[in-house]
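Work through the exercises below with the sequence and the structure at hand. Each task is followed by a worked solution.

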Amino acid sequence: EFVIFDTPGQIEVFTWSASGNIITEALAAQMPTVVVYVMDSVRSTSPVTFMSNMLYACSILYKCKLPFVLAMNKIDVVSHQYALDWMEDFETFQEALAGETSYVSNLAQSMSLALDEFYSSL
């Protein structure tokens with residue numbers, strides 16, 4: 001038996017609001033609870049956008065302190081292999097970031113090493 005809750009509205013509002021915290025803690029106190037973070041595979045093909053998604057997923061994991069699953073949707077439109085490659089091989093992600101020219105890419109390069117531990121826990 002499984003019960004699935006799709007959080008209302010934007011995830012940012014649910015995750016960081018007092019009511020979202022109350023609901024999450026109440027569920028976790030009553031039954032085994034797992035957080036599923038659904039990432040849009042089509043919108044995350046840019047290394048900078050991918051990094052932004054991973055940082056957000058990481059923050060949810062540490063805020064909720066619950067078992068965590070990262071799921072990618074729309075993989076019939078865009079293969080999720082790029083994400084697996086980037087998560088499994090730091091150098092591959094660095095090479096993808098090297099092609100980015102925005103100022104945010106420098107930040108993403110700096111933060112990418114910190115996410116290696118996060119990837120290993122998924």
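**Exercise 1.** Find what share of the chain's residues count as buried.

*Solution.* The model is predicted. A residue is called buried if its relative accessible area is under 20%. Of the 122 residues in the chain, 33% count as buried. The chain exposes about 7900 Å², and carbon and sulfur atoms supply 59% of that area.

**Exercise 2.** Describe the largest nonpolar core and say which elements supply it.

*Solution.* This core has 26 residues, and those with the most contacts inside it are Y37, F50, M54, F68 and F118. At least two core residues come from each of β1 (35-40), α3 (47-64), β2 (68-73), α4 (81-88), α5 (90-98) and α7 (116-120). With nine residues, α3 gives the most. Now take Y37: leaving out residues up to four places away in sequence, Y37 touches N53, Y56, A57, I60, F68, V69, L70 and A71.

**Exercise 3.** Decide which residues of α5 are buried, and explain why they lie on the same side of the helix.

*Solution.* The buried residues are F93, Q94 and L97. They cover an arc of only 100° around the axis, so they fall on the same side of α5. On the other side, E95 and A98 are exposed. The cover over the buried residues of α5 includes α3, α4 and α6 (103-112).

**Exercise 4.** Identify the residue that caps the N-terminal end of α5.

*Solution.* The cap is D89, with a side-chain oxygen 3.1 Å from the backbone nitrogen of E91.

Definitions and conventions:
Residues are numbered from 1 along each chain as its sequence is written. This is a predicted model: local features need pLDDT of at least 70, side-chain atom pairs count only at pLDDT 80 or more; totals for chains, interfaces and linings use all residues. Side-chain values use heavy atoms; hydrogens and water are left out. A nonpolar core is a set of buried Ala, Val, Leu, Ile, Met, Phe, Trp, Tyr and Cys residues joined through side-chain atoms within 4.5 Å. Buried means under 20% relative accessible area, exposed over 50%, partly exposed in between (1.4 Å probe, protein chains only). Helices (H or I, at least four residues) and strands (E, at least two) are DSSP runs, numbered from the N terminus. Contact means heavy atoms within 4.5 Å. The arc is that of the directions from the helix axis to the C-beta atoms. A polar contact is a pair of N or O atoms within 3.5 Å; within protein, one must be able to donate a hydrogen and the other to accept it, and residues adjacent in sequence count only if both atoms are side-chain atoms. Accessible areas come from the Shrake-Rupley method with a 1.4 Å probe; for residues, only the protein chains shown count as cover.
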